[in-house]
Amino acid sequence: MKNTANKLLNWIEFPVLLAGLVIAGGLWGFEELMEVARDTTPHAFDTEILLAFREAGQPDNPIGPPWLEGAMRDLTSLGSASVLVLITAAVIVYLLLIHRPGPAFLVFVAVAGGQALSSTLKLGIDRPRPDLVSHLADVATLSFPSGHAMLSAVTYLTLGSMASRFLPGRTTKIYVLALAVLTTLLVGISRVYLGVHWPSDVLAGWCAGFAWAMLCWLAARTLQRWRGHTDGG
């Protein structure tokens, strides 16, 4: 029994195991947060964090110096549809120019699929935007999950994991992936700071985005291994 377990652990590489854990944790977290989003009254967790980003008794005034609000607007734009489409298109064109149609197609599927999934989830939950504080950014869509948080996770993690495959050394790989995660986290925090999302919206966006990105990564990895065995055979 022990030998079988050891063989199984040797067969399952650590990155694959980690990706599986992220997918499972993301799905579980999203399901739990869905219950929060469906409540008719805001959860204390949501209201306390949202108000913590505003001056006490002044829901129209965000905390921090005046420049911080501008910085948050800049950070939130990193998760906007126009910026993500531009980055994704630039990467896809580059991959096509260097004759890598396979990775280009996988990037397109990951990002486009994430966008479709985000839109579907928003319609399925139908949660309105928070009205507890003033909105410091223009919004028009539904609230749950945060599209900025989810799509930034999908895009930056997909591109980061792809870039890490071609980088030398473990340190540079970790740096690129950490940068992708940090960018995703900053985008999500900016949405709560600007008052356009409940914290649970952002957490759900992260859960769904991380899970989708890791699922796409596993699919790409499996396809690459399968093609390698086919070509070798």
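A residue is called buried here when its relative accessible area is under 20%, exposed when over 50%, and partly exposed in between (1.4 Å probe, protein chains only). The model is predicted, so local features need pLDDT of at least 70 and side-chain atom pairs count only at pLDDT 80 or more, while totals for chains, interfaces and linings use all residues. Numbering starts from 1 along each chain as its sequence is written, and side-chain values use heavy atoms, with hydrogens and water left out.

Start by selecting Ser118, in helix H6 (residues 101–125); helices are DSSP runs of H or I with at least four residues, numbered from the N terminus. Ser118 counts as buried because its relative accessibility is 2%. Show its contacts (heavy atoms within 4.5 Å): leaving aside residues up to four places away in sequence, Ser118 touches Gly147, Met150 and Leu151.

Last stop: helix H8 (residues 170–193). Its 24 residues should span 34 Å at 1.5 Å a residue, and its end C-alpha atoms are 34 Å apart, which agrees; the expected span is 1.5 Å times one less than the number of residues. Buried residues of H8 include Val176, Ala180, Arg191 and Tyr193. Following H8, click Gly195: its phi is positive, near 80°.

Note on methods: Helices (H or I, at least four residues) and strands (E, at least two) are DSSP runs, numbered from the N terminus.
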